[in-house]
Amino acid sequence: MSRSRRRFLIPALAAAPAVVFLLVFFLWPVIAILVRGFSQSNVGESFANVFTDPVLRRVMQFTLIESVLSTVACVVLGLAGAATFANFSFRGKSFLRAAIVIPFVMPTVVMGVAMLALIGRDGLSPVQFSGTLAAIVLAHVFFNYAIVTQTVSAAWSSLDRSLIDSAKTLGASGFQLARSVYFPLLRPAILAAASLVFLFSFTSFGIVLILGSINQRTIEVEIYEQTAKFLRLETAATLVIVQLVVIAAVFVVSGYFNRRIEQRTTNVSVARPVKTKGERVFVVLNIAIMSVVIFSPLLVVIGKSFSTPTGWGWQWYVDIFSQRKGSTAFVSPTDAMINSFLYGLVTVLLAVVVGALAASTLARARHGFWQGLADVVVSLPLGTSAVTVGFGYILVFSTSGFDLRQSFWIVPIAHSVIAMPLVVRIVLPSMKRRDMAIDDAAKVLGATWWQKLRHVDLPLLRQPLTVAAAFAFAVSLGEFGATAFLARPDRPTLPIAIYRTLGRPGESTFGQAMALSVILMVFLAVAVAVIARNAKSSDSSFL
C-alpha cells in the first residue's frame, strides 16, 4: 500500500465508527422527527396551531422567560466568580475550581429534588407564577454556574496583560478598565458561556418536570407529555422542530464566540495574591457564594433524607428497601442501582471508544473548513435535547425491522450519544498538543499500530481519557430525559426511581425520594473524585 493511500485510509478507518454511530443513533432519529413533522397533510396549519394554541403558546413563553432569566442570573453571579479565579491566588483555589463542577454533573432530577426540599413537598401554588419561576431559575443557576466561571475565567486568565498595564498607566479608573478593556476582550467568552447557559435552560427537563406545574412547563416537558401521555406524535414532532431551530441558532452563536475566544487570548496568567482589604472582601464573598452553589443543594437533600417525624434517623432508607415487591408503588432500589451501574459501564465503553476515535480524526484534520464541519457534526448531540433523542428513538427503533425498544442496549446507546461530545471536547485538546515527533520515532523503530497504541498513545492520553470516562459515567447515571422515554418499567434507573417515588403522595415517599437521591449522589461522588484527581493534568479549559 502506498504511503499517500495509507495516510488517507488510517484517518478514514478511525473516523468510520464515529460517523456510523452518529448517523444511525443520532441523525437518523432526528431526521425521523423532521419527516414526521413535515409529512403531515397541512404542515403550515400544524405550525400555526402550535403558535396560536393558548396552552402551547404559554409553554413557549414560559420557556423563553425562564431561559433568559436563568441566563442573566447565572452570568451575573458567574462573572464575579470568574474574576476571583482569574485575578487572585488563594489557599484552596485548586480544590474550589475542581469542586465547582459538581453541580454541573449532578442529575437534574437531584437538583429539582433539592429545590423541592427548599420550597416544600407541595411546592408553591400554581397561581404563584413568580414563585415557581424563581425556584426554577435558582435551580438552573446552581446547575450552570460552572459554565460561566470556568469559561470566562479561562479567557480572563489569558488576557494580554500589556493592554491592561497600558490602560492603568494612562490613568484609567476601575470602571473605565471594566468598560473599555475587560468587557471588550472578554465579550466573546461571556457570550459563549451565556449561549450555553441559555441552551441548557431552554432544554431543561428534569428540573421543570419536578418543580413546574400545569402552567409552568418548558417545550421539553411538553414534548414528553404530548408523546407519553396524550400520544400526539405530530404535535410533539412540530414542537421538536421549533426547539431544534432555536437550538441551532444558539449553537451557531456559541460556536462563533468560542472561535473568537481562541483568537483573542494568550497564555499569560494574571493571578496574584490578595493585597487590599477590598480585594479580600471580594474574594471571601465569592468563595462563600461558590460554597453555597456547590454544597447547599447537596446538604439540603442529605438533611431531608435523615429528617423523620420522630427525629434524625435512617427510617426513609429502611423504607425504600422494605416495601412489598408485589405493590404497584414498589421500585427496588437495588435493581435501580444495578441498572444505573450497568448502563453507566456500557456508556463509558461506547462513548470513550467512539469519542476518542472522533477526537483522533479531528486532531489529524488539516483543512479548516472540513475540520470545522466535522467539529460541528460531532458536537451536535451536545446541543440537542435528551428528550428529542428519546422521542426519535421511539419513532425509529420501534419498527418490526429494527426494534430495540425491548433491548437492554437502547438506554446506554442513547446515553452514549449524549456523552460522546463531552468525551471529544475533553480528549481533543490533548491529542492536538501531542508531540508528533514521538509518533515518528515509534514508526522509525518499527512499532506496529497496536504497539504504538499500547506503549505511546494510551499512556500519554491516560488522564484525559480517565476524565472523559468519569464524565460519561456521570452523564449516564444522571440522565433522565431520554431514559424517561426508553427505560422499561422493570429496568428503572435511579433518576427514574426518584421521579416515580416523588409521584406518590405522603411524607414517607418524599423522604424515600430524598434517600434515593443521596444514594445516587454517592455514585456520582466517585465519578467527581476521579474527575478532580485527573482534571489538573487535563488540557480541557472547562476543567
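In helix α3, Leu56, Val59, Met60 and Thr63 touch Ile219, Glu222 and Gln226 of helix α11, with contact taken as heavy atoms within 4.5 Å. Sorted by type, the residues at this meeting of α3 and α11 come out as 4 nonpolar, 2 polar and 1 charged. The axes of α3 and α11 (residues 219-228) approach within 8 Å and cross at roughly 145°; these axes are lines fitted to C-alpha atoms over the stretch in contact, with angles running from 0 to 180 degrees between N-to-C directions. Helices here are DSSP runs (H or I, at least four residues), numbered from the N terminus.

All this comes from a predicted model, where local features need pLDDT of at least 70 and side-chain atom pairs count only at pLDDT 80 or more, while totals for chains, interfaces and linings use all residues. Residues are numbered from 1 along each chain as its sequence is written, and side-chain values use heavy atoms, with hydrogens and water left out.

On pLDDT (the predictor's confidence in each residue, from 0 to 100), the chain averages 76, and 74% of its residues get to 70 or more. Helix α3 (residues 54-87) has the highest confidence, at a mean of 88, and helix α19 (residues 436-444) the lowest, at 58. Residues 122-130 stay under 50, yet the model gives them 10 contacts beyond four places in sequence.

As for helix α14 (residues 315-322), its buried residues are Trp316, Tyr317, Asp319 and Ile320, buried meaning under 20% relative accessible area with a 1.4 Å probe, protein chains only. Viewed down the α14 axis, they fall within an arc of 160°, so they line one face of the helix; the arc is that of the directions from the helix axis to the C-beta atoms.

Note on methods: Helices (H or I, at least four residues) and strands (E, at least two) are DSSP runs, numbered from the N terminus. Ala, Val, Leu, Ile, Met, Phe, Trp, Tyr, Cys and Pro count as nonpolar, Asp, Glu, Lys and Arg as charged, and the others, Gly among them, as polar. Buried means under 20% relative accessible area, exposed over 50%, partly exposed in between (1.4 Å probe, protein chains only).
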